[in-house]
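Work through the exercises below with the sequence and the 3D structure at hand. Each task is followed by its solution.

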Amino acid sequence: MRIKVFTLFPDMLRPMLAQSILGRAISAGLLQVELIDIREYSKEKHRNTDDYPFGGGAGMVMAAQPIVDAFAANLPEDFHGRRIYLSPRGRTLNQRVVEELAREEELALLCGHYEGVDQRALDAVIDEELSIGDYVLTGGELGALVVIDAVARLVPGVLGSDESSEDESFTTGLLEYPQYTRPADFRGEKVPGVLLGGNHADITAWRREQSLALTLQRRPELLDSAPLDENDRAMLARLKRAGEVEALLAAHDIAFERLPLKAAEQWPKQWLGVFVPEASRKAAKKQCFSGRRHKGFLWQAFSMGYIPVFAAGDAAWERWQACGAQRCLLCLPDDALLYRVQGISPDVLAAFGCAILADETLTHVWMQTGSPARGPYYCEAGQAAAVLPK
Ligand SMILES: C[S@@+](CC[C@H](N)C(=O)[O-])C[C@H]1O[C@@H](n2cnc3c(N)ncnc32)[C@H](O)[C@@H]1O
């Protein structure tokens with residue numbers, strides 16, 4: 001890739017082009033960047049390159065002659081690349097545009113300064129105006145560096161194998177997932193366990209979910225054009241539902257923590273669901289719900305046929321066993337949302353239309369919302385995750 005930069009201030013670019021990945025790419029000949037000083041082409045006595053704007057107004061305008069002559073002297077007749085003027089009026093640069101530019105063999109970048117450039121120079125030598133964002137810089141040099149840097153990363157060989165550009169924000173159409181490096185515990189903040197487990201499928205799934213979640217949260221408009229498969233769409237639906245649930249929890253000032261579905265596998269055995277045979281329900285009700293703070297709600301759930309899955313302590317579990325409870329497996333739908341919430345009230349739960357996985361004092365509630373569980377289990381969308389074996 002060859003890039004020619006037309007500027008009044010070539011020294012602004014030199015340090016950046018000498019450092020790090022760009023510096024290495026240029027030394028290795030993967031990238032050629034030529035800085036052309038427009039001032040050298042001025043025919044004015046004092047090599048002036050700007051003048052007052054016709055029609056009045058603040059500031060100076062870069063004159064056409066030095067620019068047009070600089071282009072003529074430095075671009076061969078058969079130049080087939082793109083001639084770009086960095087300008088806040090231009091098309092906004094993004095990764096798609098960068099990919100487009102990286103397919104060119106050569107680029108010519110014109111950096112404006114002061115109030116801009118005489119329109120006749122632009123008409124004569126420029127194919128396209130390109131903006132690096134909706135703000136105004138003092139000159140186009142920083143814009144040119146941004147273009148060079150972003151394009152260079154896509155030139156084969158410029159990035160080492162450990163600096164791949166394939167998995168990054170925008171390249172995938174999404175924002176990138178969070179990254180971590182050693183140590184695994186930094187001042188008590190731990191790296192997500194999945195990244196330490198060495199299971200590549202789990203890591204890929206976690207990263208994809210994080211990317212989708214971040215994009216949904218920060219740049220939802222990117223999702224309209226991102227390549228998404230069925231799993232992604234299901235995940236997004238789940239994340240949107242999570243957003244609604246979490247907004248509601250926050251509105252009720254309830255502390256919560258969303259848990260990975262896998263957390264269910266790690267729960268202590270006594271926290272798994274219990275199945276109370278029909279005959280034992282009365283006894284169970286008497287023994288387990290009497291005198292409880294939120295017993296009305298619990299009884300309602302119970303009589304609706306749900307066996308709330310209790311995150312119960314040993315004592316409660318023993319009482320349940322004493323009245324005939326049997327342990328059963330907790331079955332959660334693939335897209336279930338699991339929360340550990342504190343201080344939730346029955347009114348709030350009713351507002352969710354979901355059931356609970358509760359401990360006996362309801363100070364900690366495992367709450368599940370989701371679509372129907374599959375298999376021989378009874379679990380309705382948005383309702384209890386209690387499981388009744390057939
Ligand atoms: C002060 S600006 C001129 C702004 C111009 N008067 C306008 O309102 O559009 C000077 C030069 O900085 C460069 N520049 C400023 N903002 C830019 C942006 N967002 N993207 C690319 N180049 C920019 C352009 O080359 C421009 O000619």
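The exercises use a predicted model and go from the overall fold to the core and then to the ligand.

**Exercise 1. State how many helices and strands the protein has, and what share of its residues is buried.**

Step 1. The secondary structure consists of 13 helices and 15 strands.
Step 2. Of the 390 residues, 30% count as buried.
Step 3. For contacts between residues at least 6 apart in sequence, 76% join residues at least 24 apart.

**Exercise 2. Find the residues that touch the most other members of the largest nonpolar core, and the elements that supply this core.**

Step 1. The largest nonpolar core holds 44 residues, and F6, I67 and L109 touch the most other members.
Step 2. At least two residues of this core come from each of β1 (2-7), β2 (32-37), β4 (61-62), α3 (64-74), β5 (82-92), β6 (106-111), α5 (119-125) and α6 (141-152).
Step 3. The element that gives the most is α6, with seven residues.

**Exercise 3. List the contacts of L109, leaving aside its neighbours within four places in sequence.**

Step 1. Two residues count as in contact if their C-beta atoms lie within 7 Å.
Step 2. With those neighbours set aside, L109 is in contact with I3, V5, F6, I84, L86, A144 and V147.

**Exercise 4. Describe the shell around the ligand by its nearest residues, its main contributor and its residue classes.**

Step 1. There are 20 residues around the ligand, of which L86, G112, L137, G140 and G143 come nearest.
Step 2. The largest share of this shell, four residues, is from β5.
Step 3. Sorted by class, the shell has eight nonpolar, 10 polar and two charged residues.

Key. Residues numbered from 1 in each chain as written. Predicted model: local features only at pLDDT ≥ 70, side-chain atom pairs only at ≥ 80, totals over all residues. Core = buried A, V, L, I, M, F, W, Y, C linked by C-beta atoms within 7 Å. Buried ≥ 20, exposed ≤ 12 C-beta atoms within 10 Å, placed from the backbone. Near = placed C-beta within 6 Å. Nonpolar A, V, L, I, M, F, W, Y, C, P; charged D, E, K, R; others polar.
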